[in-house]
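Please walk through this two-chain model with me, one region at a time. Keep the sequence and the coordinates open as you read.

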Amino acid sequence: MIQVKNLEKHFGDNHVLKNISIKYRPGECSLIIGASGSGKTVLLKSLVGLHEPDSGEIWYDKVKFSSLSFNEKKNIRKEIGMLFQGSALFDFATVEENVRFPMDFFTEWSESEKLERVNFCLNRVNLKNVNKLMPNELSGGMQKRVGIARAIALNPKYLFCDEPNSGLDPQTSILIDQLISEITKEYNITTVINTHDMNSVMEIGDRVGFIHKGELLWEGDKENVLTSDCEELNSFVFASRMAKKVKEMMG
Amino acid sequence: MKKSLEQLGQYFLLMKIVFTRPDKGRIFRKQFFIDTEKLVLNSIPIIAVISVFIGAVIVIQTAYNIESPLIPKMYVGYMARESLVLEFCSTMVALILAGKVGSNISSEIGSMRISEQIDAMEMMGINSANYLILPKIASATIFNPLLMLMSFILGLLGGAMIISLTGVITLSQYSEGLQYAFRMYYIFYSMIKMAVFSFIITSISSYYGYYADGGSLGVGRSSTKAIVASSVAILLANLVITQLMLN
C-alpha cells in the first residue's frame, strides 16, 4: 500500500500540490483525474521521487520513502515500474534492450534468463517478433506496450502510469487500459494512473481521486463519479457536449 | 552574474554526481567503448582532412613570408612544426571538436531529458548522470590526446605534400626544419592541453544537455550554449595551461 500524508509542493510562487492525503491499495487501479495543469503529473512524480515534496510524507508499506536518500530509495525503486506519458523508451536501444535495461542493472541473471524474461514480458503485452526493432519503428500503441513490458520487467509491487492513453485511438486506449488492469489484478500490484480520459475511469477505475488546482477535492469509486455533488468534478466529467447530453438523458 | 554563478554551482554539483562509482562496471565499460567510437573514432575523418589542409596552408604562408635570403628555408619546416604542435593540433582541433562533439552530446542528452528518458532511468534508481556522462568524459579525455598526435602527424604530412606539389622549398630543407630544436616536452604539453580541453567539451556539453528544457527549441538552445561556453572555457584554459607549463 502507498500512503500519502499532507503532501505540499511549490514551484517558485506556484503552489502546485496543496495538502494531499490519499491511500493506494494493492490489486486496485487507482486513478488520479483532473484537468491539464491541475498537478496530477507533479503528484505522480513526487510519489516516485522524481520531485522532492516541500512537506508531507509518502509511505510505501512500512517505509517512509519521502525521507530516504537517493541510494536508500534504490531498494524501493526496484519494486516500482513506471509508464511515462511519451513511453520514454531509450531511443539508443532496441525493444529487447529497453525491456532488459533494469535487469542489467539490478539482477545477476544470466543472458538466457534475461532473454527469457524479456520474451515473457513482451508476450504478456501481446507483442511478438519485435525484439530487434528500434522504438522509432513502432506505433504509439506498441511503444506504450513496450513501456509496460519494461515497467513489469522486475515484477514490480507498484506500477505508475502517466496518461497511458495520450495520443492513442479509442480502441488502442481500451486495450492498454485492459492490459494495465489485468496486470494489476494478476500480480496484485498497487497501480496509480494519471488520466483525464473518462473512458479509462469507467473501464478500470477501482478508486478515483479528483485533483483541482492542486487540491484533492473528491475521492470515491467509478460509479459515484457520475453522481457526485462536487461541482468542479461535474464540470470536468461532463465537459463535452456528448457527456452533457447523456447527463440530461439520465435526468 | 547571479545566474552565471548559479549555473557554475549547478555544474560542479552535477560533476559531483557524475564522478561516483558506476552502478555496474560491465555496463560502464560497454558504454565507454560505445562513446569512444561515437566521440573519438567518428571524429577522425574531419580532424584528418582539416589537419592536412592546415599543415599545407601553414607551409605555404610561412614560405611566402620569409623573403629575406638571410633566413634559411629550413625555418619553414621549423615554424610549421611549432605552429602545429603548440596551437593548432590542440586548441584549434579542440574548438572544432567543441562544435562537432559538443553539439552531439548536448542534443543527445537534451532530447533524452525532454522525452523523459532520463526521468525513466532516475525512477529505476539508476544514477543517470553517471551512466550517461562519465563514459563520455572518460573516453574523450583518454583518447583525444591521441587525436592530437594524429593531427600533428597529418599536418606535417600535409606540409610535405604541398612542398612536393609546389616546390616552395625542398623536402630536405623541410625535413631539416622539422628536426631543428625539437622539444619532446611540447608534444607532452599539447597532449595535456587536449586532455583538459576534452574534459571541458564533454562535461560542459553534458551539463547543458542534462538541464535542457523547453522542448525541441530548448534542446537547440542548449546545444548552442554548450558550444559557446565550451569554446570560451577552452580559450581561458589554454591561457592558464600555457602560462603554467611554458612560462
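**A sheet, a helical chain and their contact**

Strands S4 (residues 55-60) and S5 of chain A run antiparallel and are joined by two bridges. Helices (H or I, at least four residues) and strands (E, at least two) are DSSP runs, numbered from the N terminus. Two strands pair if DSSP finds at least two bridges between them. This is a predicted model: local features need pLDDT of at least 70, side-chain atom pairs count only at pLDDT 80 or more, and totals for chains, interfaces and linings use all residues. Residues are numbered from 1 along each chain as its sequence is written, while chains are lettered from A and ligands numbered from 1 in the order in which they are written.

Stay with the hairpin of S4(A) and S5(A). Trp59(A) has Lys64(A) in S5(A) as its bridge partner. Two residues lie between the strands, and Asp61(A) takes a positive phi near 50 degrees there. Trp59(A) in S4(A) also stands opposite Gln3(A). S1(A) and S4(A) run antiparallel, joined by five bridges.

Now step back to the sheet. In which order do the four strands of the open sheet lie? The order is S2-S1-S4-S5 in chain A, with antiparallel pairing. Strand S2 (14-24) and strand S5 (63-64) of chain A are the edge strands, and each pairs on one side only. Strands of a sheet pair through backbone hydrogen bonds, either parallel or antiparallel. Helix H1 (residues 40-47) of chain A lies across strand S1 (2-11), S2 and S4 of that chain. H1(A) runs at about 60 degrees to S2(A). Axes here are lines fitted to C-alpha atoms, for helices over the stretch in contact, and angles run from 0 to 180 degrees between N-to-C directions.

Two further residues of chain A deserve a look at their backbone. Most residues other than glycine have a negative phi, and most peptide bonds are trans. Asn19(A) is not a glycine, yet its phi is positive, about 50 degrees. Asn19(A) sits in strand S2 of chain A. Is Asn19(A) partly exposed or buried? Asn19(A) is partly exposed, because 13 other C-beta atoms lie within 10 Å. Ser87(A) also has a positive phi, near 75 degrees. Ser87(A) lies in the loop between S6 and H3 of chain A. Ser87(A) counts as buried because it has 25 C-beta neighbours inside 10 Å. The cut-offs are these: a residue is buried if 20 or more other C-beta atoms lie within 10 Å of its own, exposed if 12 or fewer, and partly exposed in between, with C-beta atoms placed from the backbone.

Next, find Cys161(A) in strand S7 (residues 158-162) of chain A. Cys161(A) has 28 C-beta neighbours inside 10 Å, so it counts as buried. Which residues does Cys161(A) contact, leaving aside its neighbours within four places in sequence? They are Leu83(A), Ile180(A), Ile193(A) and Asn194(A). Contact means that two C-beta atoms, placed from the backbone, lie within 7 Å. Ile148(A) is 13 residues from Cys161(A) in sequence, and their C-alpha atoms are 8.8 Å apart.

Turn to where the chains meet. Chain A gives 15 residues to the contact and chain B gives 13 residues. On the side of chain A that touches chain B, helix H2 (70-77), strand S6 (80-83) and helix H3 (95-106) each supply at least two residues. That side of chain A has nine nonpolar, one polar and five charged residues. Ala, Val, Leu, Ile, Met, Phe, Trp, Tyr, Cys and Pro count as nonpolar, Asp, Glu, Lys and Arg as charged, and the others, Gly among them, as polar.

Chain B has nine helices and zero strands. Its C-alpha atoms fill a box of roughly 70 × 40 × 35 Å along the principal axes. Of the 247 residues in chain B, 43% are buried. Among contacts in chain B with a separation of 6 or more, 87% join residues 24 or more positions apart.

Helix H4 (residues 75-114) and helix H6 (residues 128-166) of chain B pack at an angle of about 145 degrees, with their axes 9 Å apart. The residues of H4(B) that meet H6(B) include Leu84(B), Phe88(B) and Ile105(B). From H6(B), the residues include Leu147(B), Phe152(B) and Gly155(B). By class, the contact of H4(B) with H6(B) has 13 nonpolar, four polar and two charged residues.
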